[in-house]
Amino acid sequence: MSVPLHPLRVAAAPISWGVCEVPGWGHVLEARTVLSEMTALGLNATEFGPPGYLPAEPRELRELLSPYGIAPIGGFLALPLHTAPGAALAAARRSAALFAATGAEVLVLAAATGLDGYDSRPVLSEHEWRTLIDTAATIRDIATEHGLRAVLHPHVGTHVETETDVERLLADSDLDICLDTGHLLIGGSDPVALARRHADRIGHIHLKDVRNALADEIRGGRMEYSQAVRRGLYAPLGEGDVDIESLVRCVHTAGYQGWYVIEQDTALAPGDPADGPSRDTARSLRYLAEVGAACESARI
């Protein structure tokens, strides 16, 4: 299943194949299966996926990835930053050491609630918010010591979700953000408008397209996030309600040179079609190649 070459730096993520850190999320494909499908699509870079999905020993990880020609670029780390910071810092040090030892670039941090999953979040006190900001700053320093960039990922069901949360984070912290088009839209932000306002604060990009009718159900409290994912919340790029083309054009024009990670969160059941994730990712890759080529043509 070949796809066009990309003028942009494009990477994959195991969540597009249903691999998630949430207990009971769905059927988890074996890592070699996912890597084989990435390679068949012409992808040569990926985020790690949840802790423990890929080997935690650098030599073993390199031996696993090498036959597929895939390089790790970093990974997502959801930690409760607002409470018990010592545990969060210890986990961040372990991940940063692994990422650095395998040549990765970025640590994608999320302000987890401490609850399982992303279906609800408690309200933080002022003290807890300040602890969150301070802990994130220390993790940023840990990442820098390992030659990595740390970014904070606004994410549904975490303590940085809504537009108000994102603007408060950007005001109170000097961390750059992972601009995730899907989670921002679901949280009530316009990803393109945010990119225009804060072009200098975008350190990493996750590209998702969203069916806004289902996002409305989440925002209105009528459907949990996990249920919406199973109902088809995420569409291949260009087939949902996020203006992916305008977003890419905006950040490209502003000088963004980082990764565009295709993330179409999926939850698999044992009887689901085996080719579903790869089929959807291929459609996203083709669309993104067209957008990237147009951006390059506009620059010439």
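I count two rings of Phe, Tyr or Trp as a pair if their centres lie within 6.5 Å. The model I am reading is predicted. By this rule I get 4 aromatic pairs.

**Entry: Trp-25 and Tyr-225.** I looked up this pair first. The ring centres of Trp-25 and Tyr-225 are 6.5 Å apart, with 35° between the planes, and the pair is tilted. Trp-25 sits in the loop between β1 (9-11) and α1 (31-40). Tyr-225 belongs to helix α9 (residues 225-230). The pair therefore ties together parts that lie 200 residues apart in sequence. I checked burial too: Trp-25 and Tyr-225 are both buried.

**Entry: Phe-48 and Phe-99.** I find 4.5 Å between the ring centres and 15° between the planes, so I log Phe-48 and Phe-99 as stacked. Phe-48 lies in the loop between β2 (45-47) and α2 (58-65). Phe-99 is in helix α3 (residues 85-101). The cut-off for buried is under 20%.

**Entry: cluster and charges.** I traced the ring pairs onward from Trp-25. They link Trp-25, Tyr-225 and Tyr-234 into a cluster. Which charged residues lie over the faces of Trp-25 and Tyr-234? Arg-230 lies over the face of Trp-25, 5.4 Å from the ring centre. Lys-208 lies over the face of Tyr-234, at 5.8 Å from the ring centre.

Conventions:
Residues are numbered from 1 along each chain as its sequence is written. This is a predicted model: local features need pLDDT of at least 70, side-chain atom pairs count only at pLDDT 80 or more; totals for chains, interfaces and linings use all residues. Side-chain values use heavy atoms; hydrogens and water are left out. Rings of Phe, Tyr and Trp (its six-membered ring) pair if their centres lie within 6.5 Å; planes under 30 degrees apart count as stacked, over 60 as edge-to-face and the rest as tilted. Helices (H or I, at least four residues) and strands (E, at least two) are DSSP runs, numbered from the N terminus. Buried means under 20% relative accessible area, exposed over 50%, partly exposed in between (1.4 Å probe, protein chains only). A charge sits over a ring if NZ of Lys or CZ of Arg is within 6 Å of the ring centre and within 35 degrees of the ring normal.
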